[in-house]
Amino acid sequence: MSDDTLKKLWENPANPELEVALQSAEAANVCTAGTRELTPEELEAHLAKVEEYKELLKNQVDERRYAHSLNVADAAKELAELNGVDAGKAYLCGLLHDIEKNRPWDEQERYMTQLGDDLPDHVIQNKKLWHAPAGAAFIRDELGILDADMIRAIKYHTTGRPNMSPLEKVLYVADYVSIERDYPGVERVREAAYRNLDEAILIGGRFTLISLLERYRVVNYDTFAMYNEVAAELGAAFEESASKA
Ligand SMILES: [Fe+2]
Ligand SMILES: [Fe+2]
């Protein structure tokens, strides 16, 4: 469904088609054909290929991105262990999340299309976001990593989305706090990350939104909805504790 159709439906909230439309948009948003849960044996087999995947990654991205990927993998593993998430899946997601980042635009576009999901216009119109769905298709189709949760974590690692699984949150946050990150305020997000993933999403999401708004950029719906979800959960209490600190 196009964003235009959704907007038209929003204009008339009494329209009974709205709920159906939103549900189908949500379903389209998270369905990735051909994915399922990996068996423990299949996961083991992929973990046994870590060195091979590192070699592949090294050939696909520049040096800086390679170092970033190793760091995100380490951070994702640590955050997974702290949050009862499968550390092997988290490590692989961290390692491979940016595998399409430095690839030519036409290749990113091809893999993004190959994913087969009905992507929202705000992703299609922003090339910087392509590597996430493209990377998801790459690991599914080239590496045979069919795990639905891992594929989604990679697909949404740039924008986030509401209703993220614990693995999705781990990757999203690990990408914000990996050891080489030095944007202003990173210490605060990092400190929150190792205490509570949702707090890190609240603070990190706020940074992202502020930075987009300051540059008059489009704010994408998934990021906004993710932020609203955590803000509704812990925003007010968080503001109170932050002002006492
Ligand atoms: Fe990325
Ligand atoms: Fe990244």
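I124 counts as partly exposed, because 15 C-beta neighbours lie inside 10 Å; a residue is buried if 20 or more other C-beta atoms lie within 10 Å of its own, exposed if 12 or fewer, and partly exposed in between, with C-beta atoms placed from the backbone. This is a predicted model, in which local features need pLDDT of at least 70 and side-chain atom pairs count only at pLDDT 80 or more, while totals for chains, interfaces and linings use all residues. Residues are numbered from 1 along each chain as its sequence is written, and chains are lettered from A and ligands numbered from 1 in the order in which they are written.

**Around I124**
- I124 is found in helix α8, residues 121–124.
- From C-alpha to C-alpha, I124 and T113 are 9.8 Å apart in space and 11 residues apart in sequence.

**Overall layout**
- The chain has 14 helices and zero strands; these are DSSP runs numbered from the N terminus, with helices being H or I of at least four residues and strands being E of at least two.
- Of the 245 residues in the chain, 38% are buried.
- Among contacts between residues at least 6 apart in sequence, 64% join residues at least 24 apart; two residues are in contact if their C-beta atoms, placed from the backbone, lie within 7 Å.

**The nonpolar core**
- The largest nonpolar core has 54 residues, and A76, L79, A90, C93, V170 and V173 touch the most other members; such a core is a set of buried Ala, Val, Leu, Ile, Met, Phe, Trp, Tyr and Cys residues joined through C-beta atoms within 7 Å.
- Helix α11 (residues 166–177) gives this core its largest share, eight residues.
- Leaving aside neighbours within four places in sequence, A76 is in contact with A90, Y91, C93, G94, V170, L171 and A174.
- As background, nonpolar side chains tend to be buried together in soluble globular proteins.

**How α6 meets α10**
- Helix α6 (residues 87–96) and helix α10 (residues 148–155) pack at an angle of about 35°, with their axes 10 Å apart; axes are lines fitted to C-alpha atoms, for helices over the stretch in contact, and angles run from 0 to 180 degrees between N-to-C directions.
- On the α6 side K89, L92, C93 and L96 take part, meeting D149, M150, A153 and I154 in α10.
- By class, this contact of α6 with α10 has six nonpolar, no polar and two charged residues; Ala, Val, Leu, Ile, Met, Phe, Trp, Tyr, Cys and Pro count as nonpolar, Asp, Glu, Lys and Arg as charged, and the others, Gly among them, as polar.

**The buried side of α12**
- Which residues of helix α12 (residues 186–193) are buried? They are V189, R190, A192 and A193.
- These residues lie on the same side of α12, because they cover an arc of only 165° around the axis; the arc is that of the directions from the helix axis to the C-beta atoms.
- The buried residues of α12 pack against α5 (63–82), α11 and α13 (197–214).

- R65 has its place in helix α5 and counts as partly exposed, with 17 C-beta neighbours inside 10 Å.
- Not counting residues up to four places away in sequence, R65 touches D98, K101 and N102.
- The C-alpha atoms of R65 and K101 are separated by 8.2 Å, and the two residues are 36 apart along the chain.
- D175 lies in helix α11 and counts as buried, with 23 C-beta neighbours inside 10 Å.
- Not counting residues up to four places away in sequence, D175 touches V72, H97 and H157.
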